[in-house]
Structure formats: C-alpha cells, structure tokens
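Subject: Structure handover

Hello,

Here is the structure I said I would pass on. My notes on what was found in it follow below.

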Amino acid sequence: DAWAKSGHSGAALRAEALLEEMELKYMAGDIDLKPTTYTYNAVIHSLAKSGEVQAASRAEKVLQNMVNRYRAGGTDVMPTTINFNTVLGAWAKSNSGRSGAERAEKVLTWMDDL
C-alpha cells in the first residue's frame, strides 16, 4: 500500500512486482506472504491512479488473477465491488476511446456474472 500511495513515478510497477513476488512465495509455501483482498486492491488502485501506459489492462489482469485465486478456493481473496469499480475507473481514465469503453462494459458484465 505504501507504493500505491507514494505517487512516485513507477510506483504502480513496483507494487505490481511486489504482488507477483508475494504470490510466488506464497505458492512456494510461505504462508506469511499470502496476498489478501486488501493487497490486490492496493495494487489495482495504484495502477488505476498511475496514468502509466497500459495501466487499465494491467489492473484488469491483477483483478483476473484475484478472481482465479478466488475460484480456486481462496475465499480470503473474494473480489469486491471496490475491486471491479477501480478497474472500471482505470478504463474510464485510460484515454483508450471506444476500445476502453468496450473493455469497461466487459468488466461490468464480468462483475455481474461473478
């Protein structure tokens, strides 16, 4: 969350890398590094606010990883409307025009289906 709130250039990329490292170490057996809903949301939020290239698609990818973990039985990482709304906001700010709007619609449908 510190990287997410720092506002530094590259902070979202660093937050994303830390989440990936946590996921790998957790899968290798380090239960102390188990990402939670809060962890995923901090990274999604960091990406959504970053303005970095491809931030919206990267935020959506993090959300997809979260949903996959939830569907695999990780009830501690249940996606919330906050997670989905943050990704929707990222697409709204992405300057992707019609394709961004279409992705946002797909995310909204995805949220409804979950």
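Is Asn95 buried or exposed? Asn95 counts as exposed, because its relative accessibility is 75% (buried means under 20% relative accessible area, exposed over 50%, and partly exposed in between, with a 1.4 Å probe and protein chains only).

Before the rest, a note on the source. This is a predicted model, in which local features need pLDDT of at least 70 and side-chain atom pairs count only at pLDDT 80 or more, while totals for chains, interfaces and linings use all residues. Residues are numbered from 1 along each chain as its sequence is written, and side-chain values use heavy atoms, with hydrogens and water left out.

Back to Asn95. Asn95 sits in the loop between H5 and H6 (helices, H or I, at least four residues, and strands, E, at least two, are DSSP runs numbered from the N terminus). The phi angle of Asn95 is near 55°, a positive value in a residue other than glycine. From Asn95 to Asn65 there are 30 residues in sequence and 24 Å in space, C-alpha to C-alpha.

Salt bridges

How many salt bridges does the structure hold? There are 7, a salt bridge being a side-chain nitrogen of Lys or Arg within 4 Å of a carboxyl oxygen of Asp or Glu.

One of them joins Lys34 to Asp76, with the closest N and O atoms 3.1 Å apart. This pair links distant parts of the chain, 42 residues apart: Lys34 is in the loop between helix H2 (11–27) and helix H3 (37–50), and Asp76 is in the loop between helix H4 (55–71) and H5. Lys34 counts as partly exposed because its relative accessible area is 31%. Asp76 is also given as partly exposed, at 31% relative accessibility. Asp76 forms a salt bridge with Arg69 as well, where the closest N and O atoms are 3.8 Å apart.

Another salt bridge pairs Arg98 with Glu102, the closest N and O atoms being 3.0 Å apart. Both residues belong to helix H6 (residues 97–113) and are 4 residues apart, about one turn of the helix. Arg98 is exposed, with a relative accessible area of 67%, whereas Glu102 is partly exposed at 37%.

There is also a network of salt bridges that links Glu16, Glu52 and Arg58. Arg58 lies in helix H4. Why does Arg58 count as buried? Arg58 counts as buried because its relative accessibility is 16%. Leaving out residues up to four places away in sequence, Arg58 touches Ala12, Leu13, Glu16, Leu47, Glu52 and Val53 (contact means heavy atoms within 4.5 Å).

Helix packing

At what angle do H3 and H4 pack? The angle is about 165°, and their axes are 8 Å apart (axes are lines fitted to C-alpha atoms, for helices over the stretch in contact, and angles run from 0 to 180 degrees between N-to-C directions). H3 is therefore roughly antiparallel to H4 (under 35 degrees counts as roughly parallel, over 145 as roughly antiparallel, 65 to 115 as roughly perpendicular, and the rest as oblique). The crossing of these two helices is left-handed, that is, the near helix is turned anticlockwise from the far one by less than a right angle; clockwise would be right-handed.

On the H3 side, the residues that meet H4 include Tyr40, Ile44 and Leu47, and those they meet in H4 include Ala59, Leu63 and Met66. By class, the contact of H3 with H4 has 9 nonpolar, 2 polar and 2 charged residues (Ala, Val, Leu, Ile, Met, Phe, Trp, Tyr, Cys and Pro count as nonpolar, Asp, Glu, Lys and Arg as charged, and the others, Gly among them, as polar).

The axes of H4 and H5 come within 8 Å and cross at roughly 160°. H4 is therefore roughly antiparallel to H5, and H4 passes H5 in a left-handed crossing. Among the residues that make this contact are Ala56, Leu63 and Val67 of H4, and Phe84, Val87 and Trp91 of H5. The contact of H4 with H5 divides into 9 nonpolar, 2 polar and 1 charged residues.

Last, Thr86. Thr86 lies in helix H5 (residues 81–92) and is buried, with a relative accessible area of 15%. Apart from neighbours within four places in sequence, Thr86 is in contact with Asn41, Ile44, His45 and Ala48.

Regards
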